[in-house]
Amino acid sequence: VPIYEDQGSCCPKCVKDWLTTDTPLIDDVEVGSKVVLSCISAAEVMAKNKAWYYSEDKVSWELIPWSTTFNLKVESIKSGFYKCTGKKRNRQDDAIIEVKTRAKEIECTVDVPENTNTNVDTAKVGETVTFTCKRGFGRKPPLFDAPEEIKCGAGGEFDRKPAPCLERIKVYPTLKYNRKKNSVRITCPVPGNGYDVNSNVEFSFKNAAGKEVDVGGKVLPAFANKGKINFVYEVSPIPMAFTATCFVTNNKGDGIAYGSKAVQPQKRKKYRLRLCVDTTA
């Protein structure tokens with residue numbers, strides 16, 4: 001039984017190849033990407049008489065399940081041959097689409113840690129992703145508030161994991177000067193909830209230009225007083241003006257207390273000796 005094109009017209013045309021495609025070759029498509037393959041039928045074909053097949057060698061064909069339209073949505077394309085088939089009036093026709101893929105571009109998937117912000121979901125090899133902490137959270141030094149930039153490596157993995165963003169509380173260090181020795185004890189009082197004298201503490205020092213400096217000194221034993229844990233650092237002598245910052249990580253490792261205080265060198269007071277001459281003698 002012949003198949004006619006434009007069957008509703010006055011002069012329908014008998015066609016031999018009534019199932020075709022406009023895209024017999026799809027070249028340079030990324031492997032694994034989503035692609036829609038389409039065939040065109042000159043006749044109306046019932047869904048049950050439509051099917052798609054896949055073959056690597058154009059010899060052995062495998063039925064693609066649930067392929068009952070002439071528009072096949074392929075969720076993950078691969079190289080090979082895709083064949084659409086249709087049956088009409090005991091006649092069958094098909095059209096073959098060849099697909100040539102290229103290797104998928106390697107990307108790093110961005111795994112965003114808790115309490116962290118970033119602006120992308122994936123990154124290409126060599127690209128850098130910036131991680132920042134959400135409001136009320138910060139990192140351990142030396143990053144603290146600074147954005148952290150991490151590069152996507154050649155294997156599709158980041159060079160390292162971003163440092164965790166910890167819940168933070170601000171504390172207010174106090175200073176106890178010894179003018180005679182030109183020394184100072186810097187005390188960081190931290191609420192006792194979640195902290196104790198064995199909590200990890202770090203001190204950092206910056207000069208007036210904001211550059212990290214070594215001021216010497218040492219950490220003294222921490223002590224508890226009035227519901228707070230006091231962490232102490234002593235500098236003797238004070239070599240320059242600087243800002244001291246303490247960072248204390250709580251015992252669970254998910255919180256950090258921090259505070260800063262400016263320190264100034266101390267000068268000894270100068271005393272004047274006055275000589276009194278008795279002129280009454």
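**A guided tour, starting at the largest pocket**

Begin by selecting Thr-109, Asp-111, Pro-113, Phe-131, Gly-156, Glu-157, Phe-158, Arg-160, Lys-161 and Pro-162, the residues that line the largest pocket. A pocket here is an open set of points, on a 1 Å grid over the protein atoms alone, where a 1.4 Å probe fits and where protein lies on both sides within 12 Å along at least five of seven lines; lining residues have an atom within 4 Å of a point. The volume of the largest pocket is about 270 Å³, a volume being the space filled by probe spheres set on the points, with grid points joined across faces, edges and corners. Sorted by class, its lining holds four nonpolar, two polar and four charged residues, where Ala, Val, Leu, Ile, Met, Phe, Trp, Tyr, Cys and Pro count as nonpolar, Asp, Glu, Lys and Arg as charged, and the others, Gly among them, as polar.

The model is predicted, with local features needing pLDDT of at least 70 and side-chain atom pairs counting only at pLDDT 80 or more, while totals for chains, interfaces and linings use all residues. Residues are numbered from 1 along each chain as its sequence is written, and side-chain values use heavy atoms, with hydrogens and water left out.

Now zoom out to the whole protein chain, which has zero helices and 25 strands; these are DSSP runs numbered from the N terminus, helices being H or I of at least four residues and strands E of at least two. Its C-alpha atoms fill a box of roughly 150 × 35 × 35 Å along the principal axes. The radius of gyration is 38 Å, whereas a compact globule of 281 residues would have one near 19 Å, by a rule of 2.2 Å times the number of residues to the power 0.38, with the radius taken over C-alpha atoms. Buried residues make up 35% of the 281 residues, where buried means under 20% relative accessible area, exposed over 50%, and partly exposed in between, using a 1.4 Å probe and protein chains only.

Next, select Thr-116, which is found in strand 13 (residues 116-117) and counts as buried because its relative accessibility is 5%. Beyond residues up to four places away in sequence, Thr-116 touches Phe-131, Thr-132, Lys-134 and Cys-165, a contact meaning heavy atoms within 4.5 Å.

Leaving aside neighbours within four places in sequence, its contacts include Leu-19, Tyr-53, Phe-70 and Gln-92.

Which residue lies in the loop between strand 10 and strand 11 (91-102)? Select Arg-89, which is found in that loop and has a positive phi of about 55° although it is not a glycine; at 35% relative accessibility, Arg-89 counts as partly exposed. Asp-28, in strand 4 (residues 25-30), also is not a glycine and has a positive phi, of about 60°, and Asp-28 counts as partly exposed at 48% relative accessibility.

For the last stop, select Ser-236 and Pro-237, which are joined by a cis peptide bond with an omega of about -5°. Pro-237 lies in the loop between strand 23 (228-235) and strand 24 (242-249).
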